[in-house]
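Dear colleague,

My findings follow directly after it.

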Amino acid sequence: MPPSKTRAPAVEGWFTMDADEPRLLGTRCRACGTYHFPKESFSCRNPGCAGSEFEEVPLSSRGQLWSFTDNRYPPPPPYPAGDPFEPYAIAAVELEREKMVVLGQVVAGVGTERLEIGMPMQLALEPLYEDDAAQYLVWKWRPAA
Amino acid sequence: MAKEVAVLGVGMHPWGKWGRNFVEYGVHAAREALKDAGVAWSEVQFVAGGDTMRNGYPGYVAGASIAQALGWTGAQVASTYGACATGAQAIDVARARILAGLCDVALVVGADTTPKGFFAPTGGERKQDPDWLRFHLLGATNPVYFGLYARRRMELYGATPADFALVKVKNSRHGLGNPNARYKKLYDVEEVMASPVVSDPLRLLDICATSDGGAALVLSSMDFARKRTSKPVRIAAVSTVTPRFPNTVIEMPNFATDSAVAVAAPDTPFRDSIARGAYEQAALGPEDLDLAEVYDLSSALELDWYENVGLCKPGDAEKLIRDGATALGGRIPVNPSGGLACFGEAVPAQAIAQVCELTWQLRGQAAGRQVEGARIGLTVNQGLFGHGSSVIVTA
């Protein structure tokens, strides 16, 4: 058996690599508390706030499904579509604490027929693509147990 | 005194998949608009070009590229970009110069040549560019966002895929009479609902294509216009508003909405604020409209726009389409041109083309698709990265 490949994030610093309970990584403005994802690092997007200092925070790993759709056809590059292409769902999930909606793919094997707006969703990690050096992971949403 | 400019001339290059240089479409549209206006190219003092991102350097300086092809005259120039709202940016720059008294006559022109299939980001690896990243990490194509909105509409208001199909059917009927439309085929609900699903619940025939095309306007001061014509059609408002924080609707190309932790969501969501900005400038309201051209990137999105521009209350758009209120002959015809459903999207030309259509309608020159007695029309459109676009045209 060849040794299993190194697991690496498909994008640096956007999420933790904790296999059991991965978390998206955002920032929170130290002045007004506004969350930002992806991270904001130099100027708070709240127009009433002059904040320029942020703390990195893990975002809630659970939320409610705001809406969903899917890709029945392969998206164009730079999406690393597999061949043959497997259709997959995409979810928009509302995080209660952060009061924001975050997109993500839905884990493989869960199609739109299994999704319902309002249902609880949980963050997961799955491979996006791999090369000779590593398997690259991305965050996804899955129905919460 | 209302701040109005005259639409002296309008012109288009027919939409299609012609595969030629975008400058050629722009020049064709510009010459048509100049001819329509009775204005010589040498009289144009200012050229506002709408940029295209998909045609190399000439596309980033579209105003100059098209001016050069028409023949340098020393006119002043600007080239602007605002994604799908690019045309409104160009119109607004020209209008502002005219209203400031800096010029009397301006040419506004936008044109595009598009690749086949989904819009994709321009090439290269750009891990800081959210537009590149949304494709790379999520495969979040434009129809993915349209699908999210459509599903949300079904959940909130009980819309059905058959309602979405009705929008396509209506627009396909409207476009039959439009010589500049790319698709001139009448669809029925069954055909739309039998087309393949692209992004659930939206099917191929619910989603607009990408097209080649060009559109142009000759705008002038009211004083200049009165020397050329007795009753010029006028632009009464141009809204290019940005969202207000926090924007709590997920928008292309973003991964997330703004957070509403520190500041509550505004009473007027972004899409509602776009037309509102135009109504406020013109001191008009939705009840004054005779017709509207709205940005039907998807059939379902047209229903959202009915509510966003105030044609009905949230949740009532399905009733409007089912009752035929937005068809030609109805209470408030929407997209008499056939809309994007019949044109496909030629990004920098599209918001200009919407104004071309309103102008023909208000002059009574929209043969085959005329809204009888039309006097006031509104366009609405939205470009990604927070670009509102709405124009009010009055007879």
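Predicted model: local features only at pLDDT ≥ 70, side-chain atom pairs only at ≥ 80, totals over all residues.

Two strands are taken to pair if DSSP finds at least two bridges between them.

Four residues lie between the strands of the hairpin, where K99(A) takes a positive phi near 45 degrees. β7(A) also pairs with strand β9 (residues 134-143) of chain A, here in the parallel sense and over two bridges. In β9(A), K140(A) stands opposite Q105(A). Seven of the seven residues of β7(A) are buried, so the strand is largely enclosed by the rest of the structure.

Turning to the interface between the chains, 39 residues of chain A are in contact with 36 residues of chain B. On the chain A side, β3 (35-36), β5 (62-71), β6 (88-95) and β7 (100-106) each supply at least two residues. By class, that side divides into 24 nonpolar, 10 polar and five charged residues.

For chain B, the domain assignment gives domain 1 (5-117 + 213-234) and domain 2 (130-210 + 235-394). Their centres, taken over C-alpha atoms, are separated by 23 Å. The contact between them takes 34 residues from domain 1 of chain B and 37 residues from domain 2 of chain B. The side of domain 1 that touches domain 2 has 18 nonpolar, 11 polar and five charged residues.

The largest nonpolar core has 158 residues, and those with the most contacts inside it are A91(A), V108(B), L217(B), L219(B) and I352(B). Helix α14 (residues 347-363) of chain B gives the most to this core, with 10 residues. Both domain 1 and domain 2 of chain B give residues to this core, so it lies between them.

Finally, helix α7 (residues 161-175) of chain B has 15 residues, which at 1.5 Å a residue should span 21 Å; its end C-alpha atoms are 21 Å apart, which agrees. Of those 15 residues, 13 are buried, so α7(B) is largely enclosed by the rest of the structure.

With kind regards

Methods. Residues numbered from 1 in each chain as written. Chains lettered and ligands numbered in written order. Contact = placed C-beta atoms within 7 Å. Nonpolar A, V, L, I, M, F, W, Y, C, P; charged D, E, K, R; others polar. Expected span 1.5 Å × (residues − 1). Buried ≥ 20, exposed ≤ 12 C-beta atoms within 10 Å, placed from the backbone. Core = buried A, V, L, I, M, F, W, Y, C linked by C-beta atoms within 7 Å. Domains from an automatic or database assignment.
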